[in-house]
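Please look through the sequence and the structure shown here before reading the notes below. They are meant for a reader who is new to protein models.

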Amino acid sequence: MDWQKFLDFLALAEKLKCRTRHCTNSQGDPETVAEHSWRAALMAQLLAPEFPGVDTGKVIRMCLIHDLGEAVTGDIPTFRKTQADEAVEDRAVQDILTLLPKGTREEFSALFDEMARLETPEARLFKILDKVEAVIQHNESPLSTWEDLEFSLQREYGLREAAWFPQTKELREAVLRQTEEKIAKGV
């Protein structure tokens, strides 16, 4: 192990604890990228019994690393992200991965490729959790922090992907009910 590269990688990963996302937490404070990734990974762990045929350990790894590029680029909300932004983030990921030992670099590269293709149950479950966690977080944030377009986005974001599995379709429907209740209460 090259300990300096290990420490350099951790220093870059630490930026995820500093990079804020568009959303706030329930206290109205900006959510960090690391907090989002952590809770998506926690969701994968909690849902493991619901998906006996899915390698949820792989899904957890996907959740933990999926936003590594944002250590360099920062978070750009999905409704503002362009293809050029995605290309910069992809390049940042490739640069970050050069700090890792060959085996880990190859594993993480393969996970990023799998996530991008969305062909495996693991990649699909990851994508759903990434989206649904964001919707749940918005439901927990004060309504006063929502932009106008987020009222419709909260109702639509991740619905198509959630339909890939009956369990996540039910989860997304429960989150939608939560959204509607929040909007109706105006909080």
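The notes below go through helix packing, selected residues and cysteines.

This is a predicted model, in which local features need pLDDT of at least 70 and side-chain atom pairs count only at pLDDT 80 or more, while totals for chains, interfaces and linings use all residues. Residues are numbered from 1 along each chain as its sequence is written, and side-chain values use heavy atoms, with hydrogens and water left out.

**How helices pack**

Helices (H or I, at least four residues) and strands (E, at least two) are DSSP runs, numbered from the N terminus. Axes are lines fitted to C-alpha atoms, for helices over the stretch in contact, and angles run from 0 to 180 degrees between N-to-C directions. Contact means heavy atoms within 4.5 Å.

- Helix α5 (residues 83–97) packs with helix α6 (residues 102–117) at an angle of about 160 degrees, and their axes are 10 Å apart. The two helices, α5 and α6, are therefore roughly antiparallel to each other, given that angles under 35 degrees count as roughly parallel, over 145 as roughly antiparallel, 65 to 115 as roughly perpendicular and the rest as oblique.
- The crossing of α5 and α6 is right-handed; a crossing is left-handed if the near helix is turned anticlockwise from the far one by less than a right angle, and right-handed if clockwise. From α5 the contact involves Val93, Gln94 and Leu97, and from α6 it involves Arg105, Phe108, Ser109 and Phe112.
- Sorted by class, the contact of α5 with α6 has four nonpolar, two polar and one charged residues, where Ala, Val, Leu, Ile, Met, Phe, Trp, Tyr, Cys and Pro count as nonpolar, Asp, Glu, Lys and Arg as charged, and the others, Gly among them, as polar.
- Helix α3 (residues 56–65) and α7 have axes that come within 9 Å and cross at roughly 45 degrees, and α3 and α7 are therefore oblique to each other. The crossing in which α3 passes α7 is right-handed.
- On the α3 side, Thr56, Lys58, Val59, Met62 and Cys63 meet Glu122, Ala123, Leu125, Phe126 and Leu129 of α7. The contact of α3 with α7 is made up of seven nonpolar, one polar and two charged residues.
- Helix α8 (residues 148–156) and helix α10 (residues 166–185) have axes that come within 8 Å and cross at roughly 150 degrees, and α8 and α10 are therefore roughly antiparallel to each other.
- In this pair, Phe151, Leu153, Gln154, Arg155 and Glu156 of α8 meet Arg172, Leu176, Thr179, Glu180 and Ile183 of α10. The contact of α8 with α10 has four nonpolar, two polar and four charged residues by class.

Buried means under 20% relative accessible area, exposed over 50%, and partly exposed in between (1.4 Å probe, protein chains only).

- Glu133 is placed in helix α7 (residues 121–140) and is buried, its relative accessible area being 0%. When residues up to four places away in sequence are not counted, Glu133 touches Glu31, His36, Arg39, Ala40 and Met43.
- Glu31 belongs to strand β2 (residues 30–32) and, at 2% relative accessibility, also counts as buried. Not counting residues up to four places away in sequence, Glu31 touches several residues, among them Arg19, Arg21, His36, Glu133 and Gln137.

**Partly exposed residues**

- Phe151, in helix α8, is partly exposed, with a relative accessible area of 24%. Leaving aside its neighbours within four places in sequence, Phe151 is in contact with Leu143, Trp146 and Ile183.
- Lys81 sits in the loop between α4 (70–73) and α5 and is partly exposed, with a relative accessible area of 24%. Apart from neighbours within four places in sequence, Lys81 is in contact with Glu70, Ile76, Glu86 and Glu89.
- Leu118 is found in the loop between α6 and α7, where at 22% relative accessibility it counts as partly exposed. Although Leu118 is not a glycine, it has a positive phi of about 55 degrees.

**Cysteines**

- A disulfide is a covalent bond between the sulfur atoms of two cysteines. Here the term is applied to a pair of cysteine sulfur atoms within 2.5 Å, and a search of the whole structure finds zero disulfides.
- Cys18 is in no disulfide, and the nearest cysteine sulfur, that of Cys23, is 18 Å away.
- Cys63 is likewise in no disulfide, with the nearest cysteine sulfur, that of Cys23, 17 Å away. Cys63 is buried, at a relative accessible area of 0%.
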